[in-house]
Amino acid sequence: SWQITEKLRATYGARFDQALGFVQGNQISPDVNLLYQATKATSLHAGFARYFQTPPFAGVSPFSFQKFAGTTGALSQSGNPFPLPERDWYWDAGVVNHLTPNLTLGQDSYFRLSQHYLDEGQFGFVPIYIPFNYEHGYGWGFEQTLAYNREDLTVRINFTAARDEEMGVASGQYNFTPAELAYMADHYIILDHEPLFGASGGVVYRWGKYLFSVDGVFSSGYRGGFANTEQLPIWWWLNLGLGRSFYIPGIGQAWDQITLINIFNRTTLIRPSTGIGFFEAAYGPRLALYNAVTIPLPFLAPPPA
């Protein structure tokens with residue numbers, strides 16, 4: 001860490017990763033970040049970092065596919081069954097403004113370049129996931145946040161826009177049809193785990209022993225269909241909450257929280273049974289009521305210092 005001036009600070013470093021196993025590789029990953037305190041109420045930050053990511057350890061062994069050679073269970077596509085490490089280059093910048101002692105406005109944005117981006121697909125029609133790699137791609141996004149905090153009231157609003165696009169398939173070609181492989185060889189495709197636009201927010205109000213809350217989420221929809229070329233419908237839902245503190249003699253202060261999920265009972269299709277690597281549709285939560293009670297256990301508390 002280096003305090004360059006009274007208002008400007010730099011932090012920098014590097015790490016080394018070595019992976020041995022189904023996947024092999026290594027990388028030195030540097031990072032540098034700058035923080036500039038323009039005024040007491042405004043701070044700006046910017047940074048760069050490289051990342052080295054290995055495939056998840058929980059999955060199907062690539063050697064398993066060799067046992068099915070010459071049978072009807074053999075891989076439908078030729079290619080590389082061994083996933084590769086992912087390598088990324090990230091740039092990030094943002095600003096935080098304390099407009100008033102209670103009101104904060106923040107903005108953050110990033111841009112990413114990737115080689116061998118890691119993704120996961122289902123192994124057939126069962127929810128066992130196997131990693132595969134795209135050849136190369138890029139991603140970008142930004143987030144706008146507004147937060148109001150008072151002793152008895154909290155209001156938060158978030159808006160995001162993001163896009164991740166990749167081209168080519170470097171491993172796990174059996175996840176795709178020949179037509180998809182040919183299309184992705186010279187076309188960028190939009191990944192299906194991030195909407196173009198999203199928003200979330202909520203209000204929490206405390207009144208005596210009670211805590212009232214309402215929050216919600218909105219998404220412009222994921223991608224699906226052939227090579228993720230189809231735009232799926234938007235989805236959203238709202239939740240309500242009510243909490244209350246109460247005292248239990250001999251134990252202490254406890255908390256009871258009631259939460260009502262998806263108060264309009266909307267049927268929300270997150271992703272269909274078509275698209276890259278998925279064979280089962282996924283839905284958002286339906287109307288549900290949860291009750292959680294938090295009770296302190298004083299005999300488990302550490303002794304006073």
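Reader: What's the radius of gyration of the chain, next to a compact globule of 305 residues?

Author: This is a predicted model, and its chain has a radius of gyration of 24 Å, whereas a compact globule of 305 residues would be near 19 Å.

Reader: And the box that the C-alpha atoms fill, how many Å along the principal axes?

Author: Roughly 70 × 55 × 45 Å.

Reader: OK, switching to secondary structure. How many helices and strands?

Author: The chain has 19 strands and 1 helix.

Reader: Take β11, then. Which strand does it join through 10 bridges?

Author: That's β12, residues 210-219, and the two run antiparallel.

Reader: What sits between β11 and β12?

Author: They form a hairpin with 2 residues between them, and Gly208 in the turn has a positive phi of about 65 degrees.

Reader: What about β9, how many bridges to β11?

Author: There are 9 bridges between β9 (residues 153-171) and β11 (residues 197-207), again with the strands antiparallel. Ala161, for instance, has Phe197 in β11 as its bridge partner.

Reader: Back to the whole chain. What share of the residues is buried?

Author: Buried residues are 33% of the 305.

Reader: And the contacts, how much comes from residues 24 or more positions apart?

Author: Such pairs make up 58% of the contacts with a separation of 6 or more.

Definitions and conventions
Residues are numbered from 1 along each chain as its sequence is written. This is a predicted model: local features need pLDDT of at least 70, side-chain atom pairs count only at pLDDT 80 or more; totals for chains, interfaces and linings use all residues. Side-chain values use heavy atoms; hydrogens and water are left out. Helices (H or I, at least four residues) and strands (E, at least two) are DSSP runs, numbered from the N terminus. The radius of gyration is taken over C-alpha atoms; the globule rule is 2.2 Å times the number of residues to the power 0.38. Buried means under 20% relative accessible area, exposed over 50%, partly exposed in between (1.4 Å probe, protein chains only). Contact means heavy atoms within 4.5 Å. Two strands pair if DSSP finds at least two bridges between them.
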